[in-house]
Structures are given as C-alpha cells and as structure tokens.
Amino acid sequence: MATPIKRIEKEFLFKVLYDEWIPIIYHRDRSEYVLILDKPVKNEVILRVDRPISRLKVRNKLDLMFEYMGQTITFAVEVSLIKDEIIICDVPEFLYKNLNRSYSRIMVPGELQVQFTFLGDRYNLSFPKIMEFESEAIGNFFSKLDLKNLSGLIDEMADWIKGYASGYKLVIFKDVQPSDIEERILAEMGKTLFLPSTLGYLPPVDPYPRKRLITKEMFKRYLESTGVDLAYIDEALTRFIKAKHDAGITSDAWVPILFQEYVIGYIHIWLNNNEKPLFNYEVIDTLYQFGKILAYSLKINGYFEQGKVQNNPFEGKVIDISVSGLLFAYPHSKTAASLLADTELSVKLISPLRSVNTEAKIVRRYKDSSTGYFGCRFLNMAPEDVRFLFEFLYGKPFTDEDAAFLYGQV
C-alpha cells in the first residue's frame with residue numbers, strides 16, 4: 001500500500017536528490033529517461049534530462065520514481081516549461097513510499113490498443129440501483145441446495161428463520177416500489193438495517209471488511225437528506241426505534257437481496273417475544289447468504305432475462321498503465337454507469353508483437369463533469385504475459401529481481 005510522505009520528509013528527500021545527484025526515472029514510449037534535480041526545490045522542480053523526451057508538452061503529467069535507502073519512491077508533477085534539456089514542473093503535494101515495483105506507472109505506449117469486455121452477463125433492470133457491484137459467489141454452506149428450485153429455497157429459508165425469529169417477510173421490488181422508511185433507505189444504500197434490540201440503537205460501527213450495515217450515523221444522514229431538521233434528527237431516530245418497541249418488536253433486521261448493482265428486494269425478520277435470543281451477526285450473515293442464493297436462483301430461472309444487454313467490447317482511453325494494472329477514462333454513458341467498484345472485466349492488450357488476454361477488477365473510480373475514470377488491477381495474468389508486458393512497457397529485460405517484486409517474494 002502506498003504511503004504519502006509528509007512535508008518534512010518530503011523536503012529532506014528533495015534535498016538528498018539534489019545533493020547526491022540521485023537519478024530520477026521516467027518511462028515513456030518503451031524508453032527509460034534519467035533525470036536529475038538541476039537546482040534545489042523551492043517553488044518549482046527543475047529537472048535536467050539525459051536526452052530529449054519524445055512528444056513531451058507543457059501541461060503533460062510525469063510519473064517519476066527513484067530509489068533511496070532500498071525504498072522505491074514515486075511522485076507526479078505537471079510540466080510548466082520545457083527548454084532544451086531543462087524541464088520545469090510544479091512542486092508535488094505528496095511523494096509516496098512503500099510501493100511495490102509493480103506499481104511503476106507509465107503513459108500508455110502509442111502502439112498499444114486496449115479493449116474491455118464485461119465478465120459475465122450484464123443487465124439493465126428497473127430495480128433500485130446502487131453504486132457497488134455484488135458478485136454471485138455463494139458460500140459452501142448452501143452447496144447442497146437445488147438452486148433451480150426457487151420455491152424449495154424459499155421453504156428452506158422459512159424453516160431456518162423459524163428457529164430464530166417470530167416472523168419474516170420476503171419482498172421483491174417487481175410490482176411494488178419502496179415506500180416505508182426501512183424499504184427506502186435499504187433500497188438507496190443496498191445495506192442491512194439491523195436493530196439488535198429495540199431498547200438500544202443501530203450499530204455505531206460496521207464490523208464487516210466490505211461494509212454491509214446501515215450504521216447510526218448513516219441513518220441520521222439519511223434522515224437529514226429527507227428534510228428532517230438537523231436539530232430534530234436524534235429525536236426522529238429515537239421515535240423510529242421506540243415505535244418498533246411499542247409495537248412489540250424486540251429485535252429487527254431488514255436484509256437486502258442484491259443482484260449485481262441492483263437491490264431486487266429484501267428479507268425482513270423480527271422478534272416480538274423473549275422466548276428466543278436477540279438477533280446477532282451470525283443470523284445476519286446467514287440471511288445475507290440466503291439473499292445471494294435467491295438472487296442467483298432467480299437468474300438461472302430466467303427472471304432477469306428480458307433485461308439482459310448485449311456484451312460488446314468497448315475501448316476506453318487508457319491514461320496510464322503498469323504491469324499490475326491501468327487507469328482508463330470513459331465518457332458518461334450507460335456503459336460508464338455500469339463500471340462500478342469490484343466490477344470485473346476481460347481485458348485484451350493488443351501490441352504489434354502479440355496480444356495479452358487477462359482479467360481486471362475495478363478498484364477505484366471517480367469522475368468529472370463529462371468523464372468517468374476507472375482504476376483497475378490485473379487478475380490472474382499468466383507469467384509469460386507478465387514478462388512480455390513488463391518488457392514491452394519498460395523496454396528492458398525482465399529480471400529475477402523484478403519477478404520477486406511483482407510476485408511479492410520480497
């Protein structure tokens with residue numbers, strides 16, 4: 001994981017770069033350029049390059065790296081002036097350390113073409129949509145179930161729920177739109193509304209690595225977004241929980257049923273007596289898995305078939321690339337709207353020498369007024385493709401030391 005370098009250490013490193021003439025490396029068009037600091041860094045970075053950089057222009061961004069005391073350090077600067085062998089740039093806000101060499105990014109070579117295709121089937125559905133992508137992976141706990149038998153799965157779920165809850169309700173947002181506050185917040189966030197006890201509060205924190213719960217603060221922000229005055233939000237939340245207690249409910253949970261980026265419905269369970277223990281996270285985990293099972297069963301039974309869209313390859317504008325991943329841009333569109341975090345893509349890297357077929361996962365995304373930007377990490381790339389891509393991008397042989405860094409051996 002890259003670590004930003006604070007101001008004092010950054011100033012020290014720039015001083016060392018100048019005093020010791022440490023080489024700074026820049027990769028472009030399969031060539032490696034060596035730069036050094038020509039003057040101490042004050043209000044600008046003045047670099048001297050070993051030879052002219054092909055096609056470099058003012059306002060271009062340079063992703064630079066150097067090594068110091070066994071660490072690889074990177075930073076990015078924007079070119080403000082080019083004069084002979086001198087390049088003047090702005091001072092970067094951050095330097096980054098603790099990077100694996102596989103994260104050395106370069107501008108995409110002009111002769112490299114990149115094509116993307118969504119992995120698996122894609123759908124355009126009328127269900128509430130969230131900004132995350134839910135994979136279809138199913139836990140081993142349910143491996144013996146007949147996934148094609150939807151009614152049988154529902155009966156299995158109902159039998160299991162009877163051991164933990166007083167009652168349950170299964171809702172699919174097909175002919176009904178979210179109306180109650182629980183339905184609306186669940187549909188908007190795609191997360192579980194879990195109230196372990198109606199004598200307490202919503203969970204203050206979410207213990208799951210990939211967040212699944214609507215916390216107390218999230219619920220309060222939702223109330224504010226609906227127009228509740230900030231001064232009355234705590235009171236509104238207290239009334240919401242008290243109303244459940246007054247109705248005889250002692251524990252309550254609303255678990256969304258997710259299919260890709262859609263909230264297709266929910267499972268609501270409640271407890272209204274003290275004969276059973278209050279709901280815990282194990283109950284929530286199992287219901288979450290039941291939701292995934294139900295969504296997958298609906299898929300294989302053709303429930304979403306009318307919403308299936310044609311999965312054609314598309315080309316994004318690749319901003320930069322490394323052996324470990326790439327960043328590409330795509331104009332705002334239906335395609336861009338489907339490029340969510342955790343979406344997996346098939347990627348074809350086409351060069352004059354050969355093509356590389358691999359997979360990638362979107363790990364970050366951001367946007368401006370007209371374009372979305374998507375950072376991807378390569379997955380399951382064959383070793384021979386890693387070697388080829390490294391040598392193609394950086395224009396130098398792939399060594400044992402490079403392999404050790406890339407595969408996490410050191």
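User: Are Phe259 and Phe304 buried or exposed?

Analyst: Both Phe259 and Phe304 are buried. Buried means under 20% relative accessible area, exposed over 50%, partly exposed in between, with a 1.4 Å probe and protein chains only. This is a predicted model, in which local features need pLDDT of at least 70, side-chain atom pairs count only at pLDDT 80 or more, and totals for chains, interfaces and linings use all residues. Residues are numbered from 1 along each chain as its sequence is written, and side-chain values use heavy atoms, with hydrogens and water left out.

User: How many aromatic pairs are there?

Analyst: The count is 25 aromatic pairs. Rings of Phe, Tyr and Trp (its six-membered ring) pair if their centres lie within 6.5 Å; planes under 30 degrees apart count as stacked, over 60 as edge-to-face and the rest as tilted.

User: Why is the pair of Phe259 and Phe304 called stacked?

Analyst: The ring centres of Phe259 and Phe304 are 4.2 Å apart and the planes meet at 15°, so the pair is stacked. The two residues are 45 apart in the chain. Phe259 belongs to strand 15 (residues 251-271), and Phe304 to the loop between helix 6 (281-300) and strand 16 (308-309). Helices (H or I, at least four residues) and strands (E, at least two) are DSSP runs, numbered from the N terminus.

User: What makes the pair of Phe328 and Phe374 tilted?

Analyst: The angle between the planes is 35°, with 5.3 Å centre to centre. Phe328 lies in strand 18 (residues 325-331) and Phe374 in strand 21 (residues 371-379). Both Phe328 and Phe374 are buried. They also belong to one aromatic cluster with Phe116, Phe118, Phe314 and Tyr330.

User: What puts the charged end of Lys216 over the ring of Tyr201?

Analyst: The charged end of Lys216 sits 4.5 Å from the ring centre of Tyr201. The rule asks for NZ of Lys or CZ of Arg within 6 Å of the ring centre and within 35 degrees of the ring normal. Arg354 lies over the face of Phe388 at 4.7 Å.

User: Why is Cys89 called buried?

Analyst: Cys89 has 1% relative accessibility, so it counts as buried. Cys376 is buried too, at 6%. The whole structure has zero disulfides (pairs of cysteine sulfur atoms within 2.5 Å).

User: Why is Glu261 called buried, and which residues does Glu261 touch?

Analyst: The relative accessible area of Glu261 is 0%, so this residue is buried. Glu261 is in strand 15. Not counting residues up to four places away in sequence, Glu261 touches residues including Arg122, Lys129, Glu132 and Ser338. Contact means heavy atoms within 4.5 Å.
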